[in-house]
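Have the structure open as you read.

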Amino acid sequence: METVIEARGLTKRYGPRTVVKGIDLTVRRGECFGLLGPNGAGKSTTLRMIQGMTPPDGGSLALFHPPLGPGDPLARARMGVVSQENSLDVDLTVGENLLVYGRYFGLREKVIRQRVEGLLEFAQLSDRRESPVRTLSGGMQRRLMLARALVASPELVVLDEPTTGLDPQARHLIWRRLRQLREAGTTLLLTTHYMEEAAQLCDRILILDQGRVLDLDSPLALIRRHVEPEVVEVRRPGGPPWRPEECEQLPGRVEVIGDACHCHLADPVQAAGLLVDRPDWEILRRPANLEDVFLRLTGRELRD
């Protein structure tokens with residue numbers, strides 16, 4: 001399958017500190033590829049290198065086919081970017097933002113105006129075309145950011161935490177739109193702190209920590225490889241904190257997280273056995289998910 005991003009031994013240093021440590025990644029045409037990691041893992045630096053904003057200090061990085069360097073204007077013309085922070089011109093209307101951005105790519109005004117109609121419909125902003133950007137809600141602005149990134153019909157769209165701060169309705173709308181793009185053959189490169197978002201959208205996920213690759217696979221394969229399939233969370237509302245000797249009496253691999261004991265179980269029978277009639281306990285049984293994988297690989301220490 002044709003590759004859109006090919007990195008080998010990609011390295012970035014800032015002074016004595018190496019923030020990306022020789023990572024390899026291959027993004028295939030038409031897939032949604034996720035980069036996950038805690039704060040400081042090297043995700044944003046990797047994105048900046050792919051966008052041509054930061055030069056690598058080692059390794060190789062090529063985009064598209066035939067291969068282009070990330071700083072090549074031809075590569076940038078084939079890429080759309082939805083940055084983490086909104087960069088819309090608040091003094092312009094919704095339609096004017098799309099029109100002006102299209103001109104950056106050298107598109108003829110007739111072509112841009114034709115695309116604007118479809119993009120406004122895509123982002124469900126057709127009725128806000130003449131509205132100043134400053135009057136839009138946060139969800140509308142994020143949808144406009146996505147529409148703007150698509151003005152030049154890019155082959156690759158880079159999305160840096162595209163739904164941060166959005167309510168569930170806006171988030172699910174953007175997810176639907178991103179699925180439509182992927183189904184139409186657009187390649188997506190996504191970073192997010194929402195594990196559900198990564199599981200919903202990504203074909204494959206690369207988990208980074210401290211600049212190194214911890215693992216790379218599909219969400220389901222990562223879950224099967226790193227955690228037990230069943231999780232039972234046990235809480236004692238108003239009770240004393242869990243003591244180690246109490247946790248040892250619970251089945252499976254047990255972690256104390258806040259006020260809850262998390263029992264990670266390979267056997268559904270064991271999980272059912274924990275669902276006992278204990279009025280002093282709150283018990284939640286659920287399947288293992290990508291967040292369980294993420295926390296097991298990267299740890300539970302707070303990152304700033």
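Which residue lies over the face of F122? The residue is R177, at 5.5 Å from the ring centre. This is a predicted model, in which local features need pLDDT of at least 70, side-chain atom pairs count only at pLDDT 80 or more, and totals for chains, interfaces and linings use all residues. Residues are numbered from 1 along each chain as its sequence is written, and side-chain values use heavy atoms, with hydrogens and water left out.

**Charges over rings**
- A charge sits over a ring if NZ of Lys or CZ of Arg is within 6 Å of the ring centre and within 35 degrees of the ring normal.
- R236 lies over the face of W242, 4.0 Å from the ring centre.

**Aromatic pairs**
- Rings of Phe, Tyr and Trp (its six-membered ring) pair if their centres lie within 6.5 Å; planes under 30 degrees apart count as stacked, over 60 as edge-to-face and the rest as tilted.
- By this rule there are three aromatic pairs.
- Y101 and Y104 have ring centres 5.8 Å apart and planes at 75°, so this pair is edge-to-face.
- Both tyrosines lie in helix α3 (residues 94-104), three residues apart, about one turn of the helix; helices are DSSP runs (H or I, at least four residues), numbered from the N terminus.
- Y101 also forms an edge-to-face pair with F105, at 5.5 Å centre to centre and 70° between the planes.

- Y104 is exposed (over 50%), with 63%.
- F105 is partly exposed (in between), at 27%.

Key
Helices (H or I, at least four residues) and strands (E, at least two) are DSSP runs, numbered from the N terminus. Buried means under 20% relative accessible area, exposed over 50%, partly exposed in between (1.4 Å probe, protein chains only).
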